[in-house]
Amino acid sequence: MRHAKYFSIFVFIAVMGYGAVAFYFLPLATFQGELTRMGLVPETLFGWTKPQPSIDPKWMQQSSMKEADVLVIGDSFSDGRVWQTVLTQHGLKARTESWDSMRGVCADFMPWLRAQGFAGKYVVLESIERNLVDDLSKSVTCQEMQYHPNRMTDAPRFPPPVSFNVNQGNYAGKLSTGIETWLNVLKYERLSRSPDFKTWLLPNDVKMARIPNGCELFSHARCNDALFLSYDKPGEIGEGVLADIEKLNARLSGVKAIWVFVPNKSTAYLYPDKQFWNKAEQRFRAPNLLRMTQQAIQNKTVDLYLGNNTHFSTTGYLLMGTEIFKSIQQERPPSR
């Protein structure tokens with residue numbers, strides 16, 4: 001009986017001790033970015049600290065299909081309607097739809113589009129590099145439009161934050177996540193001290209890599225190292241994608257199709273020599289966003305992609321919007 005009592009006391013003390021330690025480290029698990037959240041590394045180390053440009057919400061208004069000059073079909077790089085503010089500030093009305101809703105540029109896309117009342121001249125088709133092969137192949141095989149409305153399509157969007165406090169943790173997460181994050185910090189401190197440190201594979205498909213002159217390119221505390229998705233491919237994009245674009249362009253009679261391919265963050269910083277963007281520009285006058293990212297990196301643009309995220313910063317989105325606007329401008333008749 002006495003042993004059982006001691007055992008109960010031991011278990012109680014162990015549980016309370018674990019809870020106290022976990023609660024102490026829980027603020028480390030307050031994540032603002034998807035890569036810090038997935039990899040379980042704290043914002044204090046990888047959260048961006050340089051303020052970003054502010055955007056007036058009035059430029060983020062969604063136009064109806066009938067009003068729009070430009071229809072944007074895209075993924076999460078377009079959903080926030082940030083880069084589109086470059087278009088709207090130049091007087092263009094834009095409507096943004098997701099690939100999830102559109103399901104593709106099917107064989108009957110143009111009759112369907114006109115039936116929706118779209119009378120604009122420009123269709124921007126945007127895809128992140130890692131998804132573009134699937135996005136295009138699904139469109140090529142699609143014969144009949146099956147639009148799936150989403151109530152969030154026309155919901156208001158709000159400007160990205162100009163800044164955030166990397167030290168402002170809270171106690172709303174799981175106790176175990178705080179412990180795991182703390183253990184990752186200890187391991188990182190040990191690994192990163194090695195002069196041979198180059199990469200580290202973190203949980204949930206996150207890779208950390210050392211970046212030459214990283215502190216000229218990122219504002220987070222450990223700016224010599226950056227976070228990426230580990231499954232982003234270093235290899236070239238196949239020629240079949242260009243053939244798919246050709247097939248889809250044949251379906252888009254009556255509008256100017258502007259194909260926009262966003263480089264993976266890892267391509268911009270780790271594998272910048274890919275030639276797909278040059279070929280797409282030469283054959284289809286597609287905005288060359290890989291060249292855009294390389295020019296920005298050469299110019300030491302800080303936080304072109306956010307340190308804790310896979311996506312562009314507001315700075316990056318505005319550069320993206322400028323490139324897309326240039327493509328539209330090339331096709332617009334000169335004003336009299």
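This note reviews the disulfides of a predicted model.

1. Basis. Local features in this predicted model need pLDDT of at least 70 and side-chain atom pairs count only at pLDDT 80 or more, while totals for chains, interfaces and linings use all residues. Residues are numbered from 1 along each chain as its sequence is written, and side-chain values use heavy atoms, with hydrogens and water left out.

2. Count and pairing. Two disulfides are present, a disulfide being a pair of cysteine sulfur atoms within 2.5 Å. With the bonded cysteines of the protein chain numbered in sequence order, the pairing reads 1-2, 3-4.

3. Cys106 and Cys142. The sulfur atoms of this disulfide lie 1.8 Å apart. The pair links distant parts of the chain, 36 residues apart: Cys106 sits in the loop between helix H6 (99-102) and helix H7 (109-115), and Cys142 in the loop between helix H8 (129-141) and helix H9 (175-192). Helices here are DSSP runs (H or I, at least four residues), numbered from the N terminus. The S-S torsion of Cys106 and Cys142 is about 75°, so this disulfide is right-handed. Both Cys106 and Cys142 are buried (under 20% relative accessible area, with exposed over 50% and partly exposed in between; 1.4 Å probe, protein chains only).

4. Cys215 and Cys223. The S to S distance in this disulfide is 1.9 Å. Its S-S torsion is about 85°, and the disulfide is therefore right-handed.

5. Accessibility of Cys215 and Cys223. Cys215 has a relative accessible area of 43% and is therefore partly exposed. Cys223, at 10% relative accessibility, counts as buried.

Methods: Helix = DSSP H or I, 4+ residues; strand = E, 2+ residues; numbered from the N terminus.
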